[in-house]
Amino acid sequence: MVERMPPGAAAPMPRRLWWMIVLRGLAALAFGLVAIFWPGISLAALVMLFGAYALLDGAITLGFALRRRSNEAGKGILMATGIAGLTIGLISVLWPQVTVTLLIYVLAAWLVLFGLIAIAHSLQMRKQVGAAWPLSRGGILLVLVGLLLVLFPNAVAVAATWVLGIFALLIGAGLLAFAWRRHQRDSMVL
């Protein structure tokens, strides 16, 4: 059977896997809400919460990558994203007593790495699809925030929970919107 896709549509995501992006989005939203509405938590609890989110996000992303065929575009980038999330999550969970500055640098490294991976993925998809890929804007934003955290760590320490919460909410909303669009496009395949 030949599948037909609407003009300008991205390659279809297997219907049984789009929900993994929804899980990533929901995890980001949950982290964001806790960081914003529970600002009194200690930094150790924030580190553990961030570590749990990064572990969950990394595991879901790696699971999604492993379910893709080896010749599918973006599999390597998804695997790198999942491994990076798992690594940063493990560091955060295993060493929660890290200083605030180290937490900010770990977070900055994660944001820059995740942003660069998102930009690379978007450039790869742009070559295949031929249209602007929405992940590049989010990737650029993540890199910029990560660099600001590196440049001004002391100024950011107090507002870290709210900044983290806001960006987690933005990332979660973006992932949910992306999953919805992919699901809609896949349902248009004849």
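This is a predicted model: local features need pLDDT of at least 70, side-chain atom pairs count only at pLDDT 80 or more; totals for chains, interfaces and linings use all residues.
I would like to begin with a single side chain, Arg24, which at a relative accessible area of 10% is buried, where buried stands for under 20% relative accessible area, exposed for over 50% and partly exposed for what lies in between, computed with a 1.4 Å probe on protein chains only. Residues are numbered from 1 along each chain as its sequence is written, and side-chain values use heavy atoms, with hydrogens and water left out.

What does the side chain of Arg24 meet in a salt bridge? The partner is Asp57, at 2.6 Å from N to O, and by salt bridge I mean a side-chain nitrogen of Lys or Arg within 4 Å of a carboxyl oxygen of Asp or Glu. Since Arg24 belongs to helix H1 and Asp57 to helix H2, the pair ties together parts that are 33 residues apart in sequence. Asp57 is also buried, with a relative accessible area of 2%, and a search of the whole structure finds one salt bridge. As background, side chains of opposite charge can pair when their charged atoms come close.

Let me now step back to the whole chain. There are seven helices and zero strands, where helices (H or I, at least four residues) and strands (E, at least two) are DSSP runs numbered from the N terminus. Of the 190 residues, 42% count as buried. If we take contact to mean heavy atoms within 4.5 Å, then, of the contacts in the chain with a separation of 6 or more, 80% are accounted for by residues 24 or more positions apart. The chain exposes about 10200 Å², of which carbon and sulfur atoms supply 73%; these areas come from the Shrake-Rupley method with a 1.4 Å probe, and for residues only the protein chains shown count as cover.

Next comes the interior. A nonpolar core, in this analysis, is a set of buried Ala, Val, Leu, Ile, Met, Phe, Trp, Tyr and Cys residues joined through side-chain atoms within 4.5 Å. The largest such core has 27 residues, and Phe31, Tyr53, Leu107, Trp110, Leu111 and Leu149 touch the most other members. At least two residues of this core come from each of helix H1 (18-37), helix H2 (43-67), helix H4 (100-129), helix H5 (135-151) and helix H7 (160-188), and H4 gives the most, with eight residues. Apart from this core lies another, of five residues, among them Met20, Ile60, Ala65 and Leu78. Phe31, for its part, touches Leu46, Leu49, Phe50, Tyr53, Leu164 and Ala168, not counting residues up to four places away in sequence.

H3 has 20 residues and reaches 28 Å from its first C-alpha to its last, close to the 28 Å expected at 1.5 Å a residue, the expected span being 1.5 Å times one less than the number of residues. Buried or exposed, what is the state of Gly82? At 0% relative accessibility, Gly82 counts as buried, and this glycine touches Gly58, Thr61 and Leu62, leaving out residues up to four places away in sequence. Gly82 and Ala54 are 28 residues apart in sequence and 9.0 Å apart in space, C-alpha to C-alpha.

Trp95 lies in the loop between H3 and H4 and, at 46% relative accessibility, counts as partly exposed.

Finally, a residue of helix H4, namely Tyr105, is partly exposed with a relative accessible area of 34%. Tyr105 touches Val150 and Pro153, not counting residues up to four places away in sequence, and the C-alpha atoms of Tyr105 and Leu149 are 7.1 Å apart in space for 44 residues apart in sequence.
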